[in-house]
Structure formats: C-alpha cells, structure tokens
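User: I'd like to go through the pockets in this one, and then the chain contacts. Can you take me through it?

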Amino acid sequence: MREIAYEEIVKNVRDIIVYSASNLPEDALNAMKNAYENEKSPVSKEVLKQLLENADIASSEKRPLCQDTGLAVFFVKIGADVKVVGGLLKDAINEGTEKGYVEGYLRASTCHPFTRANNKDTVGYNLPAIIHLDIVEGDKIDIEYAAKGGGSENVSRARVFPPAAGKEGVIEYVKECISDAGPNPCPPLTVGVGIGGTFEKAVISSKHALFRDIGSKNEDPEMDELEGVILKELNKLGIGTMGMGGTETVLAVHIESNPCHIASLPVSVNVQCHSSRHTHITL
Amino acid sequence: MSTTYNLTTPLSDEDVNKLKSGDIVYLSGTIFTARDAAHKRLVDLLDAGKELPFDIKGAIIYFVGPTPPKPGDPIGSAGPTTSYRMDSYSPRLIAEGLKGMIGKGKRNKDVTDACQEHKAVYFGATGGAGALLGKQIVSAEVIAYEELGPEAVRKLEVVDFPVTVVNDTYGADLYKIGRAQYEVK
C-alpha cells in the first residue's frame with residue numbers, strides 16, 4: 001500500500017488552482033490561435049486578438065484570465081492501493097481549493113442559492129469544491145481539475161428523449177442549445193455532450209467531456225464522427241467570438257456516451273467558454 | 001461602417017445619440033459597478049423613494065464582479081458578466097437617467113425599448129478579457145453594500161476602457177446584425 005500525505009494533496013491542489021487561473025492550457029491556447037487564423041469576420045478576429053493578448057498579460061503578470069475564476073470542479077481517480085495519511089482525500093481537496101482561491105487572489109463566487117449570501121464567512125472561501133470520485137486499480141491519485149465559470153454553465157441543459165429521437169434528435173438538441181445561448185456563454189466554446197446512461201450520468205459525462213484536451217480524438221470512432229458532424233453544424237450558426245458574428249463559434253465538440261435504458265435516450269449539453277482552464281496531475 | 005469615439009463620463013443625450021451599433025468607444029472617467037444583488041437593492045431604494053448611493057444621471061453601470069486586488073493594485077481582473085440577469089432592473093434605472101451599461105450577451109426587449117425611449121446605450125466589453133480590462137481601471141473604491149463582496153457597488157476611474165456599442169438608441173442590435181452576416185441556413 002503506497003502512502004500519500006494529506007499535505008501533499010493540499011499543496012498540489014492549491015498550486016494547480018493558482019496556476020490555471022492565469023495560464024490557459026496549451027490545447028486551449030492553440031485552439032484560440034487556430035480560430036484567430038480561420039475567422040472570416042474582421043470584428044470577431046479583432047476580439048480574438050484581444051483575447052490572445054489577454055492570455056499573454058494574464059500569464060506574464062500572473063493575473064486571472066477572467067474575473068470569473070469559477071467553481072473548482074474535480075474528477076479524481078484514487079488507486080485501490082493508495083492510502084491518504086493524515087486526513088481524508090475530500091478534506092485535502094477542499095483545503096487545497098480554499099488555499100488556492102485565497103492565496104491566488106481569486107474570486108469568492110460561492111453563495112447560498114436563495115439568500116445569495118457569500119459563503120466565505122460561514123463554510124469557507126469558494127467551498128465546497130465539486131468533487132467526482134472514482135476508485136481504480138493502481139497506487140496513484142489522478143486529479144483532473146477545471147475552473148467552471150457561471151456564464152457558460154447557465155446555458156447548459158439536459159433532457160431525456162424517447163429512443164426514436166436518435167442521432168438526429170441529439171444533433172438538433174445541441175444546435176438549439178448553442179443557438180439560443182448566442183453570445184452569452186463567451187464563444188468560441190467547447191461543447192461537452194453526454195449521451196446515454198441515466199439522467200445524472202449524462203450530465204456528469206457532459207461535464208467530464210469538457211476536461212478532454214481540445215483537438216484530441218474521441219476513442220470511439222462513431223462518436224468521433226458525430227463530434228465532427230455537430231461541430232460543422234454549430235459553426236454554421238454564425239455567432240462568432242463573443243456573439244459579434246463569425247465563422248468560429250465552437251472550438252470543439254466532445255462526446256461521452258454510455259449504454260442506457262431501453263426506454264430512454266438521455267442527452268446533456270455542458271458548455272465551456274473560450275477560457276477553458278483545465279489541467280491534469282497524477283500523484 | 002464602424003466609427004471609433006473617445007467619450008468621458010457622465011454621458012449626455014448628445015453623446016449617446018451619435019453612437020451606432022458596432023461603433024468602438026474608449027471610455028474615460030467615473031463608472032459604477034453593480035451585479036444582480038446590487039441592482040435589486042438599487043431598485044428597492046427607488047421603490048422606497050430613497051436616494052441612490054451615486055448620481056444616476058448620465059452614469060454608466062458596469063456589470064462586473066472583480067477578483068480581489070493583489071497588494072499595490074487598484075483592482076484584480078475585471079471583465080463583464082452576462083447582462084440578461086440585470087434585464088428586470090435596467091429599464092427602471094434607465095428611466096432615472098442611466099445613460100450606459102457595460103456587459104456581455106443579449107438584452108431583452110424591455111431594455112432595448114427603454115434605451116430607445118430614454119436615450120441610453122448598451123455597450124459590450126470582451127468577456128473573458130478580465131486581465132486586459134482590469135488594467136484600464138486606475139482606481140476602485142467600494143461605495144455601497146460592502147457585505148456583497150465581489151458584488152458590492154464600486155466607483156471606478158477608467159482610462160480608455162474599450163467597449164463596443166451593442167444596442168444603440170435607434171433599436172439596432174449588433175449581435176443580430178453580426179450573426180445574420182455569417183449564419184449558413
């Protein structure tokens with residue numbers, strides 16, 4: 001049994017939160033540069049230029065890329081042969097999250113759903129983190145992290161279709177979601193699509209799909225092809241960067257599919273803004 | 001054709017009437033911040049017949065909740081938040097003399113109608129460009145509702161703050177115009 005110290009997890013979580021807030025990962029930066037090269041609208045091209053300049057300033061001056069430094073979302077896989085010493089894994093992730101947001105001068109964006117009171121005086125700064133935990137073989141802890149902003153989360157949606165809706169129904173649903181959203185979620189976007197499973201499985205899959213590197217291939221050839229079809233459809237919408245009109249509305253479509261009930265076809269669309277702050281570490 | 005203007009707050013009817021959707025404006029002077037929670041309180045004050053914490057006549061409200069400043073900086077990153085959440089409050093403030101709003105994303109018909117009727121404009125700033133936009137803010141001071149944290153009302157001094165006119169006083173909408181040019185039916 002391999003032992004990993006609680007404090008080591010705290011420190012690593014703190015560090016990836018601070019780093020991610022001001023450094024766009026390479027896949028997202030490359031996708032934005034490609035969008036800049038390909039964009040036909042001069043207005044959207046100008047805004048893309050501003051966003052690339054913003055990424056430069058953020059990284060060189062260690063300023064957050066966006067004032068919405070998100071809620072911290074984690075997908076964690078813990079090996080069956082690892083033991084966390086000195087505390088619980090979940091507590092370590094939460095403690096690292098709080099340290100990252102406080103020490104990195106990031107925004108406290110968590111509040112009570114109705115009173116809208118900011119939680120920092122009661123349960124902590126930007127806590128609790130959103131943690132999805134899985135147990136796997138091995139003696140490592142694998143942590144995928146993303147800072148999820150509110151603007152893109154607000155346009156996300158899920159629905160359980162009857163099986164007859166089929167692939168066409170899925171394509172139309174995603175298209176309707178992105179079309180209705182227009183400029184609001186800060187395009188150019190990454191669109192995560194969860195297909196199948198149960199209602200909640202589809203939603204979690206659509207979230208996890210956003211953690212995949214932009215530009216990477218889907219391992220399932222059928223889904224890889226469907227990603228291409230949906231991407232092409234979405235870029236016909238003409239929304240462009242920040243809704244100014246243009247050819248580059250979506251950087252990538254990522255699908256995660258699961259077997260589902262014979263009566264259902266669950267579909268979830270989770271949207272990520274152009275500032276796709278995500279990272280992956282293994283301890 | 002898009003025209004570029006440099007404007008200083010407060011704005012007059014003459015200032016806003018010359019602006020057209022798609023024009024680029026560099027704003028300088030004082031602007032005020034407010035998001036959802038602060039808007040609710042401002043409208044509650046008006047309903048109660050009380051005075052607002054700042055002079056709304058000719059003012060610009062920026063929909064932003066900045067990150068905390070690092071030591072020595074006036075403010076952290078400060079890009080726009082999505083504006084539709086303020087749609088139920090903005091018409092009331094426009095009727096009181098608000099001349100400009102800065103945010104990102106679509107506004108509803110009540111807001112664009114109020115912009116036409118009372119002569120006000122909705123500016124878009126680049127969402128997600130918080131580091132760049134924060135640098136155009138030279139001072140920031142919380143003037144109301146400090147307990148709201150990032151949502152408190154702040155008085156900002158800005159220099160050449162870059163925005164684009166989305167909704168003008170004539171009913172035009174840049175998002176609709178831009179999208180129609182590139183949409184493939």
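User: Start with the second largest pocket. Which residues lie nearest its centre?
Analyst: This is a predicted model. In the second largest pocket, Val43(A), Glu46(A), Gly22(B), Ile24(B) and Thr164(B) lie nearest the centre, out of 28 lining residues.

User: Which elements give two or more residues to that lining?
Analyst: From chain A, helix H3 (42–61) does; from chain B, strand E2 (24–33), strand E7 (153–167) and helix H6 (174–182) do. H3(A) gives the most, with 7 residues.

User: How much space lies in there, and what is the lining by class?
Analyst: The second largest pocket holds about 730 Å³ of space. Its lining has 14 nonpolar, 11 polar and 3 charged residues.

User: And the largest pocket, what volume does it have?
Analyst: The volume of the largest pocket is about 1,100 Å³. It is lined by 46 residues, and the closest to its centre are Arg107(A), Ser109(A), Arg116(A), Gly150(A) and Arg35(B).

User: How many nonpolar, polar and charged residues are in that lining?
Analyst: The lining of the largest pocket counts 15 nonpolar, 16 polar and 15 charged residues.

User: Where does the largest share of the lining come from?
Analyst: From H2(B), which supplies 5 residues.

User: Let's look at E2(A) then. How many of its residues are buried?
Analyst: 7 of the 9 residues of E2(A) are buried, so by that count the strand is mostly covered.

User: What does it pair with?
Analyst: E2(A) pairs with strand E5 (residues 141–148) of chain A in the antiparallel sense, over 8 bridges. E2(A) also runs parallel to strand E4 (residues 130–136) of chain A, and 7 bridges join those two.

User: Which residues stand opposite each other?
Analyst: For E5(A), Val73(A) stands opposite Ala146(A). For E4(A), Phe74(A) stands opposite Ile131(A).

User: What about H7(A), which residues are buried there?
Analyst: In helix H7 (residues 199–209) of chain A, the buried ones are Ala202(A), Ser205(A), Ser206(A), Lys207(A), His208(A) and Ala209(A).

User: What do they pack against?
Analyst: The buried residues of H7(A) pack against E2, E5 and H5 of chain A, along with its strands E7 (189–197), E8 (250–260) and E9 (265–272).

User: Different topic: the two chains. How many residues are in contact?
Analyst: On chain A, 44 residues are in contact with 39 residues of chain B.

User: What area is buried between them?
Analyst: About 3,400 Å² is buried between chain A and chain B, with 55% of it given by carbon and sulfur atoms. On the chain A side, Gln67(A), Tyr105(A) and Asn184(A) supply 20% of the area buried against chain B, more than any other three residues.

User: Last one, Lys20(B). Where is it?
Analyst: Lys20(B) sits in the loop between helix H1 (13–17) and E2 of chain B.

User: What is Lys20(B) in contact with, beyond its sequence neighbours?
Analyst: Leaving aside neighbours within four places in sequence, Lys20(B) is in contact with Val165(B), Asp168(B) and Tyr170(B). The C-alpha atoms of Lys20(B) and Leu174(B) are separated by 9.1 Å, although the two residues are 154 residues apart along the chain.

Note on methods:
Residues numbered from 1 in each chain as written. Chains lettered and ligands numbered in written order. Predicted model: local features only at pLDDT ≥ 70, side-chain atom pairs only at ≥ 80, totals over all residues. Heavy atoms only, no water. 1 Å grid on protein atoms, 1.4 Å probe; cavity = no way out; pocket = protein on both sides within 12 Å on 5 of 7 lines; lining within 4 Å. Points joined across faces, edges and corners; volume = space filled by probe spheres on them. Helix = DSSP H or I, 4+ residues; strand = E, 2+ residues; numbered from the N terminus. Nonpolar A, V, L, I, M, F, W, Y, C, P; charged D, E, K, R; others polar. Buried < 20%, exposed > 50% of the residue type's maximum accessible area, 1.4 Å probe, protein only. Pairing = 2+ DSSP bridges. Contact = heavy atoms within 4.5 Å. Buried area = accessible area lost by both parts, 1.4 Å probe.
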